[in-house]
Amino acid sequence: MNPTWVTSLPAGTESGQYLTLDLGGTNLRVCRVDLHGSDREYDVIRTEHRIPEDLKSSTAERLWKFIASCLRQFFDQHSISVQAAQEIPLAFTFSYPVTQHSLSHGILQRWTKGFNISGVEGRDVVKDLGEALDKEVRAQRKSSSIHAGSIIVVQGLPLRIVALVNDTVGTLMASAYVDTKTQIGSIYGTGSNAAYMERCDQIPKMKTSGLYGDALMAINCEYGAFDNSERVLPFTRYDVEIDQSSPRPGQQRYEKLVAGLYLGEMMRLILADLYDRHKIFQGRNGSGLKQPYVLDSCSLANIENDQTRSLTSIRNMLQETFNITSDFSESYFCRCVARLISRRSVRLYACGIAALLKKRGMQHCHVAVDGSVFSKYPRFPDRVMEALKEVLGLPEEGDDHIRLVPAVDGSSVGAAVIAAVAMAREEGCPGL
Ligand code: BGC
């Protein structure tokens, strides 16, 4: 449960132009966000880069360099013109657990979602990113091969990182900017987590902060780490295997049951185990089943979605991914397993959201959800809602006081809103 130093939901009147960098589990997004300052409107220009697989287990130097060069490309592509005297505020969405003593600093506690980049844990990621951006600018200035139109080369890049933001908090703020009923921001994608506003007198970590009891603070729950001590959740042997073979065994135990990164791998482990025990794909070469993480959550969704009479997509998928020919009953079995895996994931995901609703006694609100599992899986929003109603004891039909809503434009807009509030405060602007 990490205090984030975001102390209010947006008013909807925040304004200005912001750059945002968003480092998630799969992509790096670079955006320019224009908050219009009225009618809760904004514009976004965005570029997305897939994070190279080998970068995820490389070094801090490579990570920061990658981010800095994506930002430079963004400037070049969009011919963003900056006067040297004009400072551009940048908000950094960093979707990993950090300890923050202020909005614009944060020490990475540990990598999650399979990342294992050396030289970042235990360090202030804002400082290290800032230094990398600085280096990039200086290197570009020296290089003669850069074309003259590049803003970075010609005029320098007077960037200032004004906020470090978790994706859940960004999601909460972005959605609350356009929809005042939003009280929770959540991610259900490669990783899983949620954020909500808490009273400071309910936050033991804020005891000495000097903030008043009823002042609010956004909490990044980091509940992916729930039950690392294995006291509550029913872990299967496949869960244990996923955990043990991950770069951080013993961490993110709840997340490893729920999040998209692990759903396909769960399926692969089950099939590989049954193959080894001669229960499935008998007499065929099962070596393709031995390759970790070949099956992603998108393929799992496709398996579940196959409504064809002869289950053609499942058969094709098994052939392409594992190089295995399957008959009808094996393909049917695979679809059942895929349904079990996603059903467990949905129901456990709903528990996290239900816990927050109960903790704050929220009975009428919107929960903004972002992430590939929520948006790409068939009927996921309905299925989560179904589970949520069951946990909260709400009637199955006709009660829509709590609604799960797709998040607005990801966390970049939220990061910009947070930056706007922070800057307005710096300038002593009342009411923000
Ligand atoms: C991280 C969180 C993040 C979540 C969703 C987890 O692995 O620890 O900080 O919010 O993934 O991206």
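Select Trp111. At 1% relative accessibility, Trp111 counts as buried; buried means under 20% relative accessible area, exposed over 50%, and partly exposed in between, with a 1.4 Å probe and protein chains only. This is a predicted model, in which local features need pLDDT of at least 70 and side-chain atom pairs count only at pLDDT 80 or more, while totals for chains, interfaces and linings use all residues. Residues are numbered from 1 along each chain as its sequence is written, and side-chain values use heavy atoms, with hydrogens and water left out.

**The aromatic cluster**

Rings of Phe, Tyr and Trp (its six-membered ring) pair if their centres lie within 6.5 Å; planes under 30 degrees apart count as stacked, over 60 as edge-to-face and the rest as tilted.

Now colour by secondary structure. Helices (H or I, at least four residues) and strands (E, at least two) are DSSP runs, numbered from the N terminus. Tyr96 sits in the loop between strand 5 and strand 6 (98-99), and Trp111 in the loop between strand 7 (107-108) and helix 2 (125-142), so the pair ties together parts 15 residues apart in sequence.

Which residues do ring pairs link into a cluster? Select Trp64, Phe92, Phe94, Tyr96, Trp111 and Phe115. The structure holds 14 aromatic pairs. Trp64 and Phe92 form one that is edge-to-face, 6.3 Å centre to centre with 70 degrees between the planes. Trp64 belongs to helix 1 (residues 60-77) and Phe92 to strand 5 (residues 88-94), so this pair joins parts 28 residues apart in sequence. Trp64 is buried at a relative accessible area of 5%. Phe92 is buried at 0%.

**Helix 4 on helix 13**

Select residues 167-178 and 410-426. These are helix 4 and helix 13, which pack at an angle of about 80 degrees with their axes 7 Å apart. Axes are lines fitted to C-alpha atoms, for helices over the stretch in contact, and angles run from 0 to 180 degrees between N-to-C directions. Helix 4 and helix 13 are therefore roughly perpendicular. Angles under 35 degrees count as roughly parallel, over 145 as roughly antiparallel, 65 to 115 as roughly perpendicular and the rest as oblique.

Show side chains at the contact (heavy atoms within 4.5 Å). Helix 4 contributes Asp167, Val169, Gly170, Thr171, Met173, Ala174 and Tyr177; helix 13 contributes Gly410, Ser411, Val413, Gly414, Ala415, Val417 and Ile418. By class, the contact has 8 nonpolar, 5 polar and 1 charged residues. Ala, Val, Leu, Ile, Met, Phe, Trp, Tyr, Cys and Pro count as nonpolar, Asp, Glu, Lys and Arg as charged, and the others, Gly among them, as polar.

**Helix 9 and its neighbours**

Move to residues 312-322, helix 9, and residues 328-359, helix 10. Their axes come within 9 Å and cross at roughly 90 degrees. The contact uses Ile314, Arg315 and Leu318 of helix 9 with Phe328, Ser331, Cys334 and Arg335 of helix 10. These residues divide into 4 nonpolar, 1 polar and 2 charged.

Keep helix 9 and pick Ile314, Met317, Leu318 and Phe322, which are buried. Seen down the axis, they fall within an arc of 100 degrees, so they line one face of helix 9; the arc is that of the directions from the helix axis to the C-beta atoms. They pack against helix 7, helix 8 (297-305) and helix 10. Next comes Asn323, which follows helix 9 and has a positive phi, near 60 degrees.

**Arg268**

Jump to Arg268 in helix 7. Is Arg268 buried or exposed? Arg268 is buried, at a relative accessible area of 7%. Beyond residues up to four places away in sequence, Arg268 touches Leu289, Lys290, Gln291, Pro292, Tyr293, Val294, Leu295 and Phe322.

**Helix 5**

Last, select residues 237-244, helix 5. Tyr238, Asp239, Ile242 and Asp243 are its buried residues. They lie within an arc of 140 degrees seen down the axis, so they line one face of helix 5. Arg237 and Gln244, on the other side, are exposed. The buried residues of helix 5 pack against helix 6 (255-258), helix 7 (260-276) and helix 10.
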